[in-house]
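Biologist: Before we discuss any label in this model, could you set each value against its definition?

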Amino acid sequence: RPVAKLAAGVMAGEKLSSFPPFRRELDYMAVKEAVFPFARFPGVDPVLSPEMKSAGEVMGIDRDFAPAFAKSQLGAGTVLPQGGVVFVSVKDGDKPVVLPAVRKLVELGFAIIATGGTQRYLVEAGVPVELVNKVAEGRPHIVDRIIDGDVALIFNTTEGWQSLKDSQSIRGSALTGKVPYFTTAAASVAAVEAIAALRGANLEVRSLQAYYG
């Protein structure tokens, strides 16, 4: 279907209801991931800004969302871990969203570390979590743990300019150490679903013709 043409019509004032509905029964899911050139610029803060351009895009296709998401991450150069330590530090509004995902990680054998507010929330919810210092709270802190290779996965969402600035060293050290880093609650949950889907299973490789034929 000519999606770009339909979108242009909507932008020009046409109603969505004036177009025939999409009715496609598909037996696959496609997930697109952007690839950003952060690794080419040592020392840059790997956070998106309005002027940031992606270096390219990749797509993962599978019968279900979780393995399709895993394939999209592999295509973008991110290898999701199957064990190790996960650092979780999320804003208040995201805590209830990531809680089930963190519980799932514990069930899968991961260890969880978190800074103050997130650690207290998770502990009160019955999740075993180790407290780790923020950078401003003194050493050893979370950046030390990342640099030492002790962290396999990071979930870090921020709110406000100061919080974004405070987490800059975490993003930088994660980039240098090639640690998978997710900055939204939705992506964090998707990453856990993908990790669970990969546990004990092999990714299926099929040609595009096999899907579209």
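Modeller: K178 counts as exposed because its relative accessibility is 76%, where exposed means over 50% relative accessible area, buried under 20% and partly exposed in between, with a 1.4 Å probe and protein chains only. This is a predicted model, in which local features need pLDDT of at least 70, side-chain atom pairs count only at pLDDT 80 or more, and totals for chains, interfaces and linings use all residues. Residues are numbered from 1 along each chain as its sequence is written, and side-chain values use heavy atoms, with hydrogens and water left out.

Biologist: Which peptide bond is cis?

Modeller: The bond from R139 to P140 is cis, its omega being near -5 degrees.

Biologist: Why is L208 called partly exposed?

Modeller: L208 has 48% relative accessibility, and therefore counts as partly exposed.

Biologist: How do you know that β4 and β5 pair?

Modeller: Strand β4 (residues 111-114) and β5 share two bridges in the parallel sense, and strands pair if DSSP finds at least two bridges between them; strands (E, at least two residues) and helices (H or I, at least four) are DSSP runs, numbered from the N terminus.

Biologist: Why is one side of β5 and of β7 left without a neighbour in the sheet?

Modeller: The open sheet of five strands has the order β5-β4-β3-β6-β7, with parallel pairing. Because β5 (130-131) and β7 (181-182) stand at the edges, each has a single partner strand.
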